[in-house]
Amino acid sequence: MTAIKHALQRDIFTPNDERLLSIVNVCKAGKKKRNCFLCATVTTERPVQVNVVKVKKSDKGDFYKRQTAWALRDLAVVDAKDAVKESPEFDLHFDKVYKWVASSTVEKNTFISCIWKLNQRYLRKKIDFINVSSQLLEESVPSGENQSVAGGDEEAVDEYQELNAREEQDIEIMMEGCEYAISNAEAFAEKLSRELQVLDGANIQSIMASEKQVNILMKLLDEALKEVDQIELKLSSYEEMLQSVKEQMDQISESNHLIHLSNTNNVKLLSEIEFLVNHMDLAKGHIKALQEGDLTSSRGIEACTNAADALLQCMNVALRPGHDMLHAVKQQQQRFSDLREQFARRLASHLNSVFVQQGHDQSSTLAQHSAELTLPNHHPFHRDLLRYAKLMEWLKNTDYAKYEGLTKNYMDYLSRLYEREIKDFFEVAKIKMTGTTREGKKFATLPRKESAVKQETESLHGSSGKLTGSTSSLNKLSVQSSGNRRSQSSSLLDMGNMSASDLDVADRTKFDKIFEQVLSELEPLCLAEQDFISKFFKLQQHQSTSGTTTNEVEEMDGVALCRSYPSGVPQTVSSEKDMIRQMMTKIFRCIEPELNNLIALGDKIDSFNSLYMLVKMSHHVWTAQNVDPASFLSTTLGNVLVTVKRNFDKCISNQMKQMDEVKISKKSKVGILPFVAEFEEFAALAESIFKNAERRGDLDKAYIKLIRAVFDSVEKVANESQKTPRDVVMMENFHHIFATLSRLKISCLEAEKKEAKQKYTDHLQSYVIYSLGQPLEKLNHFFEGVEARVAQGIREEEVSYQLAFNKQELRKVIKEYPGKEVKKGLDNLYKKVDKHLCEEENLLQVVWHSMQDEFIRQYKHFEGLIARCYPGSGITMEFTIQDILDYCSSIAQSH
């Protein structure tokens with residue numbers, strides 16, 4: 001290693017004015033071992049620069065070349081990997097981390113030690129040496145600024161010590177004074193020795209001359225010591241004099257401390273007394289208000305409210321430790337408790353009286369609403385009771401048992417009051433729906449008994465499930481001809497010129513208005529009562545967090561209430577929002593059954609009323625859910641909506657059932673089937689009702705079910721028809737369905753509309769082909785034989801040479817169909833078609849035109865065969881295409 005070091009110094013660093021201080025043989029960690037050397041160097045010129053140089057052996061020879069150099073000031077961290085266990089690995093952190101593996105641990109330690117010394121001497125910067133043995137660094141601590149840099153180069157560094165500027169200047173002066181020093185070193189050294197002796201003598205003389213001054217200084221010091229002794233004596237006398245003063249001052253200080261302590265205690269005692277007086281003293285006016293205050297006037301209620309708040313503040317004051325042991329405090333607390341109990345009892349009694357009086361007063365106003373479809377207004381009652389809202393909050397916080405009792409009594413009295421009002425209101429609604437008088441319906445007494453309601457509900461639903469009393473044609477269970485059905489409907493009318501359809505529309509519009517008015521009256525009634533309950537009973541829309549004492553839950557007529565122990569207000573089981581909904585359910589428990597009875601009546605009057613009810617109820621449910629999805633109104637209307645939806649589904653199912661059970665007459669032609677016309681009526685009505693409705697999806701699903709049932713029933717009737725051909729039944733009814741769907745433009749039935757059109761077209765073509773048949777039967781048989789011969793391989797122009805198909809046979813067959821016979825056959829065909837088709841759909845001309853086109857097609861086919869198989873014969877039909885057009889036109893006009 002020493003030889004390599006000298007070689008590197010000679011070949012690489014000396015030309016660059018650098019001195020090599022330490023070297024280590026390394027290779028990169030984790031890679032193929034390609035050895036190189038890391039060298040620590042310093043420059044010989046000032047300022048000194050310290051570098052770490054990577055030297056690598058050249059691939060083309062045995063000489064070394066300089067590869068990479070890093071300045072020592074760029075080195076941040078030296079990581080020796082392990083400070084205890086010897087390891088050849090170490091990392092140098094320059095601009096990035098360089099991982100090395102030394103050839104030996106000794107070389108690594110020597111190199112790291114040299115780096116540390118160079119850092120201490122030249123850079124004085126914070127280079128982090130981690131995982132380096134502290135013993136290694138301590139051994140390397142320099143004892144002076146000029147100590148050696150590296151162990152191996154101590155002699156080299158000590159041989160040369162740099163001169164400072166003054167030394168250089170003195171030497172230059174000496175050299176100038178002794179020009180011969182260069183040529184005669186001995187003479188120069190001798191001169192220096194003589195001058196040194198002269199200087200030593202001068203120093204000795206100077207020391208001897210200063211002895212006199214030293215004696216003078218010692219004399220002055222002795223005098224100063226004497227002065228100090230005198231001062232100390234004076235200070236001792238002063239201290240003896242102050243000792244007695246100190247004892248007196250200590251006595252005065254102790255006396256002042258006792259006085260200050262007494263004053264402090266008096267101030268604290270006064271503060272405690274003022275605290276108790278200020279916080280536990282209730283004004284006489286408040287006491288009088290609690291005991292005798294007027295709870296009927298606004299001024300008296302305000303005075304009682306202020307007194308109750310003041311009492312609550314006095315009772316809830318946070319006493320300091322020890323206050324509760326004072327006899328006066330105990331007496332005052334007992335007095336407050338008695339006042340609270342007395343006032344709470346008086347308040348609860350008064351409010352119960354108000355609740356009872358409200359029930360009686362409101363009953364007197366029922367008569368004026370009995371003939372109108374309106375509900376009494378409870379706003380004045382709510383307004384009067386809201387004056388007690390703060391007192392109710394006080395009662396809830398101080399005496400929850402009485403608060404709970406008031407809540408129960410309010411629900412009991414108000415539920416009976418609302419039940420009378422709501423039942424009377426629904427009686428009026430039913431009378432207006434049915435158009436009968438109160439006496440006619442035996443509604444003379446109000447309110448109705450529950451048994452009567454139950455009996456009527458059962459009669460509305462019935463046992464057979466049939467819809468009776470409806471003017472809708474959906475309730476007819478037998479299929480009749482259109483003419484008979486129209487005559488039967490007209491015979492039922494006894495209202496002037498009003499048609500059955502007009503009567504249905506008028507009745508349904510009337511029902512829709514009444515049902516909407518019922519819902520519109522119920523909604524504000526429920527919302528106003530819910531808002532009042534929330535404000536009066538202080539049941540806000542949030543989770544209750546008050547109270548931490550033991551409590552239990554009591555079930556009171558289906559409403560969960562909390563029963564508290566005397567220790568305080570209990571923590572509710574559910575949210576106060578649920579409490580509001582439960583109270584509303586108790587108070588308005590009759591709304592849902594009354595609505596269901598009204599819905600059953602409307603469904604009994606006309607099953608189509610379920611469409612109106614579904615739309616109206618859905619809209620009101622949607623509105624209520626937007627306000628509060630969990631409210632009583634939203635829940636109740638949602639439950640009723642389920643019933644309405646069931647009635648709607650039942651209406652659709654009944655229509656499908658009627659289609660399935662339809663029977664056709666064997667003696668009359670079918671025409672447009674009643675359920676096809678009924679579907680048109682249903683669709684037109686539904687589109688007008690469900691325009692921009694929230695439950696449009698329910699109608700679309702019903703459309704799909706109904707139209708499929710109509711399709712199936714039409715095919716079933718067509719297959720069973722004996723009087724009318726199957727194709728006619730299919731053609732006319734699917735044409736009617738297609739026209740209906742095209743007019744109404746129902747988006748969900750686009751596929752069915754296309755299917756109806758396709759069925760109409762197919763059966764029209766089938767009927768035309770079947771009815772027209774072969775009007776020129778013999779001629780048709782003749783040409784069928786011709787086509788058979790051509791199919792067997794005989795050339796078309798050679799067919800005339802066949803005995804059975806020669807020109808004489810062709811002329812003979814043609815003569816049997818003169819124009820007169822053709823016209824007669826077409827006239828009979830027209831009469832036959834006229835008997836099959838109905839007048840309602842008006843398809844006679846369409847069918848006749850299609851038959852005309854089919855006949856002309858057959859005619860052209862015969863002419864083509866004659867031209868190909870009998871060329872040049874001059875044989876033609878005895879009538880032309882124009883004759884056919886004239887025959888068809890004259891026949892259509894004559895009928």
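**Notebook: a predicted chain, looked up piece by piece**

I began at Pro47, which is found in the loop between strand 2 (36-43) and strand 3 (50-57). The bond joining Arg46 to Pro47 is a cis peptide bond, with omega about -5°.

I note that this is a predicted model, in which local features need pLDDT of at least 70 and side-chain atom pairs count only at pLDDT 80 or more, while totals for chains, interfaces and linings use all residues. Residues are numbered from 1 along each chain as its sequence is written, and side-chain values use heavy atoms, with hydrogens and water left out.

**Entry: the whole chain**

I looked up the totals next. The protein chain has 30 helices and 10 strands. Of its 895 residues, 41% count as buried. Buried means under 20% relative accessible area, exposed means over 50%, and partly exposed lies in between (1.4 Å probe, protein chains only). The protein chain exposes about 50,900 Å², and carbon and sulfur atoms supply 51% of that area. Accessible areas come from the Shrake-Rupley method with a 1.4 Å probe, and for residues only the protein chains shown count as cover.

I also checked contacts, meaning heavy atoms within 4.5 Å. Among contacts in the protein chain with a separation of 6 or more, residues 24 or more positions apart account for 70%.

**Entry: positive phi**

I found Asp17 with a positive phi of about 60°, although Asp17 is not a glycine. Asp17 sits in the loop between helix 1 (2-13) and strand 1 (18-28). Asp17 counts as partly exposed because its relative accessibility is 37%.

Lys81 is also not a glycine, and its phi is positive, near 75°. I place Lys81 in the loop between strand 5 (77-79) and strand 6. Its relative accessibility is 32%, so Lys81 counts as partly exposed.

**Entry: Glu89**

Lys81 came up again when I listed what Glu89 touches. Leaving out residues up to four places away in sequence, Glu89 is in contact with Ala80, Lys81, Trp100, Val101 and Lys108. Glu89 belongs to strand 6 (residues 89-93). With 36% relative accessibility, Glu89 counts as partly exposed. I also looked up Cys27, which is 62 residues from Glu89 along the chain; their C-alpha atoms are separated by 9.7 Å.

**Entry: a negative patch**

On the surface I noted a patch of negative charge formed by Glu167, Glu168, Asp170 and Glu172. Patches are made of residues with over 30% relative accessible area and no salt bridge; like charges are joined within 9 Å, and nonpolar side chains (Val, Leu, Ile, Met, Phe, Trp, Tyr) within 5 Å. Lys and Arg count as positive and Asp and Glu as negative, with His and the chain ends not counted. I take the place of a charge as NZ of Lys, CZ of Arg, CG of Asp or CD of Glu.

**Entry: salt bridges**

How many salt bridges does the structure hold? I noted 28. A salt bridge is a side-chain nitrogen of Lys or Arg within 4 Å of a carboxyl oxygen of Asp or Glu.

I looked at Asp531 and Lys535, whose side chains meet in a salt bridge at 3.2 Å, N to O. Both lie in helix 17 (residues 500-536), 4 residues apart, about one turn of the helix. An α-helix has 3.6 residues a turn, so residues three or four places apart point the same way. Asp531 is partly exposed at 38%, and Lys535 is partly exposed at 41%.

Glu715 and Lys759 also form a salt bridge through their side chains, at 3.0 Å, N to O. Glu715 lies in helix 23 (residues 696-720) and Lys759 in helix 25 (residues 750-772), so the pair ties together parts that are 44 residues apart in sequence. Is Lys759 buried or partly exposed? Lys759 is buried, with a relative accessible area of 18%, whereas Glu715 is partly exposed at 26%.

Arg696 and Glu687 meet in another salt bridge, at 2.8 Å, N to O. Arg696 is partly exposed at 22%, and Glu687 is buried at 19%.

I also recorded a network of salt bridges that links Glu341, Arg345, Asp399 and Lys402.

**Entry: helix 13**

Last, I looked up helix 13 (residues 389-398), which is mostly covered, with 7 of its 10 residues buried. The buried residues include Trp394 and Lys396.

How values were computed. Helix = DSSP H or I, 4+ residues; strand = E, 2+ residues; numbered from the N terminus.
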